[in-house]
Amino acid sequence: MKIAVPSENANGLASMRSGHFGHAPFLTIVELDENMQVTGVESVKNAEHGEGGCGNVIEYVLGLGLDGILAAGMGMPPLMRFTQGGMTVYFEATEPIVGPAIELLAQGQVRVMTPADACHH
């Protein structure tokens, strides 16, 4: 499983998570095996939010070959686009660091994001 976590910096599992998907400067890409053990970690620069708004970021992320996103915040348009694109969006807003948030996901303690969880701004 390949999961992206919106992040404030490029420090791998030690990265500070970003509070909102669309404005995250980086994505920490975490690969998990069938036993939910971390097998790879990579930090990549996120697309610019800029003139295209979240659309730029959504298209960029859809092209990364991910199975899902673990986010603390995301608006309705990206949530719907990712879900329609076959990605699972997980919601976890308590852990500020990527590693512990991924550990919660691996332990099955993270739920799928619903429209009620989406940011409305």
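1. Asparagine 11 and serine 15. In this predicted model, the backbone nitrogen of asparagine 11 lies 2.8 Å from a polar atom of the side chain of serine 15. The side chain of serine 15 also reaches the backbone oxygen of glycine 12, at 2.8 Å. Serine 15 itself belongs to the loop that runs between β1 (2-7) and β2 (26-32).

2. The surroundings of serine 15. Is serine 15 buried or exposed? Its relative accessible area is 0%, so serine 15 is buried. When neighbours within four places in sequence are left aside, the contacts of serine 15 include Ser7, Asn9 and Ala10. Thr28 and Ser43 are also in contact with serine 15, as are Pro96, Ile97 and Val98.

3. The aromatic pair. How many aromatic pairs does the structure hold? There is one. Phenylalanine 21 and phenylalanine 82 form this pair, which is edge-to-face, with 5.2 Å from centre to centre and 90 degrees between the planes. The pair links distant parts of the chain, for its members are 61 residues apart: phenylalanine 21 is in the loop between β1 and β2, and phenylalanine 82 is in helix α2. Both phenylalanine 21 and phenylalanine 82 are buried.

4. Helix α2. This helix covers residues 76-84, and its residues Pro78, Leu79 and Phe82 are buried. These three cover an arc of only 100 degrees around the axis, and therefore they lie on the same side of α2. Pro77 and Gln84, on the other side of α2, are exposed. Just after α2 comes glycine 86, with a positive phi of about 90 degrees.

5. A charge over a ring. Another phenylalanine, residue 26, has the charged end of lysine 45 over its ring. That charged end is 5.8 Å from the centre of the ring of phenylalanine 26.

6. Strands β1 and β4 run parallel and are joined by two bridges; alanine 4 stands opposite isoleucine 69 in β4. Strand β5 (residues 88-91) also pairs with β4 in the parallel sense, over four bridges. Which residue of β5 is the bridge partner of leucine 70? That partner is tyrosine 90.

7. Methionine 36. Most residues other than glycine have a negative phi. Methionine 36 is not a glycine, yet it has a positive phi of about 60 degrees. Methionine 36 is found in the loop between β2 and β3 (38-45). With a relative accessible area of 22%, methionine 36 is partly exposed; the cut-off for a buried residue is under 20%.

8. Helix α3. Which residues of helix α3 (residues 98-106) are buried? They are Val98, Gly99, Ala101, Ile102, Leu104 and Leu105. After α3 comes glycine 108, whose phi is positive, near 75 degrees.

How values were computed: Residues are numbered from 1 along each chain as its sequence is written. This is a predicted model: local features need pLDDT of at least 70, side-chain atom pairs count only at pLDDT 80 or more; totals for chains, interfaces and linings use all residues. Side-chain values use heavy atoms; hydrogens and water are left out. Buried means under 20% relative accessible area, exposed over 50%, partly exposed in between (1.4 Å probe, protein chains only). The arc is that of the directions from the helix axis to the C-beta atoms. A polar contact is a pair of N or O atoms within 3.5 Å; within protein, one must be able to donate a hydrogen and the other to accept it, and residues adjacent in sequence count only if both atoms are side-chain atoms. Contact means heavy atoms within 4.5 Å. Rings of Phe, Tyr and Trp (its six-membered ring) pair if their centres lie within 6.5 Å; planes under 30 degrees apart count as stacked, over 60 as edge-to-face and the rest as tilted. A charge sits over a ring if NZ of Lys or CZ of Arg is within 6 Å of the ring centre and within 35 degrees of the ring normal. Two strands pair if DSSP finds at least two bridges between them.
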